[in-house]
Amino acid sequence: MDTTGRVGAQGALSAPSTSDDVEAGRTPQEDLAGVRRSLDGYLLADFPWYGLDEAFSGPRWLMQVGTVADGTVEHGSTGHGEEPTLRADGEQDKQRFAVVVTVAGRPVRESADGTGVLDATSVSSAAWLAGSGLLACTWPAQIERHLRDEWLEQQTLAAWELADEIDGPEWTTLSLPVDGVPTQFHYRESEFGWVLAGSTAAADGRSGGESGGVHIGAYGRGMSAYGLGFSVIKDLSEYDH
């Protein structure tokens, strides 16, 4: 995968945590709320944020940003619809939400501490963050405690491998508008929901407008991915935080 490895995911491409927080005494609802960040983190980014376009009229909310050691913002997520919560009663299956992940288009570069090199970000980066994000908010909360960590580790590894093989048979293609321009995404469905990932024109090496060159991932449940559209967020204050 053209991104940092899973060890490196502790920095530039960190995935949401779940079971450790539950074991520490926080409820799943508190865990998901706890990773949300203030507007300040989003304003520090040197790339544009994406969300669902104006055709979506439901609630919008901020989630989290991911940074590297020097504080540079590398990626972040914005939510749409009903904020997902982990519930042992199975009612989470009825939740309707879509999360959009924006990943800065980065070339190969030195790490902030000068001791190594960070690989370029790619559409696989967005697919990995979207896949792990879906897992974080849909894993079966009723699973027995002694099996929880093993299950999460297996599923997280599977999400990584699927992202690494984004041109493989597990993925289909789906054309959706990005700033009004038809854009091809890699798409897959699972028992947990759906995941998609693609790149704006500039990030793909073609001429692009205000996109600034980013990779876009998305995941959701209860809301169909078909018919969605993405656009640059003009005003982040439209997202509750």
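**Salt bridges and hairpins in a predicted model**

The structure holds three salt bridges, a salt bridge being a side-chain nitrogen of Lys or Arg within 4 Å of a carboxyl oxygen of Asp or Glu. This is a predicted model in which local features need pLDDT of at least 70 and side-chain atom pairs count only at pLDDT 80 or more, while totals for chains, interfaces and linings use all residues. Residues are numbered from 1 along each chain as its sequence is written, and side-chain values use heavy atoms, with hydrogens and water left out.

Student: How many residues apart are Arg-106 and Asp-46, whose side chains meet in a salt bridge?
Tutor: Helices (H or I, at least four residues) and strands (E, at least two) are DSSP runs, numbered from the N terminus. On that numbering Arg-106 sits in the loop between β4 (97-104) and β5 (109-110), and Asp-46 in the loop between α3 (39-43) and β1 (50-52). Their side chains meet at 3.0 Å, N to O, and the pair links distant parts of the chain, its separation being 60 residues.

Student: Is Asp-46 buried or exposed?
Tutor: Buried means under 20% relative accessible area, exposed over 50%, and partly exposed in between, with a 1.4 Å probe and protein chains only. Arg-106, at 16%, is buried. Asp-46 has a relative accessible area of 57%, and is therefore exposed.

Student: Which strand holds Glu-74, the residue that pairs with Arg-106?
Tutor: The side chains of Glu-74 and Arg-106 meet in a salt bridge at 3.2 Å, N to O. Arg-106 lies in the loop between β4 and β5, so the pair ties together parts that are 32 residues apart in sequence, the Glu-74 end being in strand β3 (residues 73-81).

Student: Which residue in the turn between β7 and β8 has a positive phi?
Tutor: Two strands pair if DSSP finds at least two bridges between them, and β7 (residues 172-178) pairs with β8 (residues 181-190) in the antiparallel sense over seven bridges. The two strands form a hairpin with two residues between them, and the turn residue with a positive phi of about 55 degrees is Asp-179.

Student: Which residue of β9 stands opposite Ser-190?
Tutor: β8 and β9 (residues 193-199) pair in the antiparallel sense over five bridges, and a hairpin joins them through two residues. Opposite Ser-190 stands Gly-193.
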